[in-house]
Amino acid sequence: MAVESTIQDSVLSFLNSIPGCVAENVSGNANQSGRADINGCYKGRCFKIELKSRDTGYKPTKKQLLYLKRWKSAGAIAAVCYSLDEVKEVLGIE
């Protein structure tokens with residue numbers, strides 16, 4: 001079972017190992033409700049990633065989707081991802 005924290009750990013480790021990429025965990029604080037789990041920048045492009053696990057059936061909340069929509073309309077890469085492979089695809093990393 002791939003819980004979100006396991007996915008998040010692997011995504012953060014992978015992203016921070018790439019030259020030109022910085023990523024940080026944003027989840028876990030009541031004041032940050034609705035924000036994406038991972039914020040970062042890759043080659044000068046801001047990204048916001050909300051991580052979910054298909055195994056748990058969790059879906060993004062309306063508040064999370066609105067948050068991602070606002071960032072996307074401002075030019076950031078913003079997405080809900082269910083795996084490291086999806087994160088790589090969204091960011092254009094092979």
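Contact here means heavy atoms within 4.5 Å, and by that rule Val 90 touches Ile 49, Ile 77, Ala 79 and Cys 81, not counting residues up to four places away in sequence. This is a predicted model, in which local features need pLDDT of at least 70 and side-chain atom pairs count only at pLDDT 80 or more, while totals for chains, interfaces and linings use all residues. Residues are numbered from 1 along each chain as its sequence is written, and side-chain values use heavy atoms, with hydrogens and water left out.

**Sheet and helices**

- Helices (H or I, at least four residues) and strands (E, at least two) are DSSP runs numbered from the N terminus, and two strands pair if DSSP finds at least two bridges between them.
- Four strands form an open sheet in the order β1-β2-β3-β4, with mixed pairing; its edge strands, each pairing on one side only, are β1 (21–25) and β4 (77–81).
- Neighbouring strands of this sheet are turned by 20 degrees against each other on average, direction ignored, where axes are lines fitted to C-alpha atoms, for helices over the stretch in contact, and angles run from 0 to 180 degrees between N-to-C directions.
- Five bridges join strand β2 (residues 38–42) to strand β3 (residues 45–51) in the antiparallel sense, and Tyr 42 has Arg 45 in β3 as its bridge partner.
- Helix α1 (residues 4–16) lies across β1, β2 and β3 and runs at about 155 degrees to β1, whereas helix α3 (residues 84–91) lies across β2, β3 and β4 and runs at about 160 degrees to β4.

- Val 90 and Arg 45 are 45 residues apart in sequence and, C-alpha to C-alpha, 12 Å apart in space.
- Lys 43, in the loop between β2 and β3, counts as exposed at 64% relative accessibility.
- Most residues other than glycine have a negative phi. Lys 43, although not a glycine, has a positive phi of about 50 degrees.

**Aromatic rings and charges**

- Rings of Phe, Tyr and Trp (its six-membered ring) pair if their centres lie within 6.5 Å, with planes under 30 degrees apart counted as stacked, over 60 as edge-to-face and the rest as tilted; the count comes to one aromatic pair.
- The ring centres of Tyr 67 and Trp 71 are 6.3 Å apart and their planes stand at 55 degrees, so the pair is tilted.
- Both residues of that pair, Tyr 67 and Trp 71, lie in helix α2 (residues 62–73), four residues apart, about one turn of the helix.
- Tyr 67 counts as buried at 13% relative accessibility, while Trp 71 is partly exposed at 32%.
- A charge sits over a ring if NZ of Lys or CZ of Arg is within 6 Å of the ring centre and within 35 degrees of the ring normal; the charged end of Lys 48 sits in this way over the ring of Trp 71, 3.9 Å from its centre, and that of Lys 88 over the ring of Phe 14, 4.6 Å from its centre.

**Cysteines**

- The structure holds zero disulfides, a disulfide being a pair of cysteine sulfur atoms within 2.5 Å.
- The closest cysteine sulfur to that of Cys 21 belongs to Cys 41 and is 7.8 Å away, too far for a bond; Cys 21 is buried, with a relative accessible area of 7%.
- Cys 41 is in no disulfide, the nearest cysteine sulfur, that of Cys 46, being 6.7 Å away, and Cys 41 counts as partly exposed at 32% relative accessibility.

Note on methods. Buried means under 20% relative accessible area, exposed over 50%, partly exposed in between (1.4 Å probe, protein chains only).
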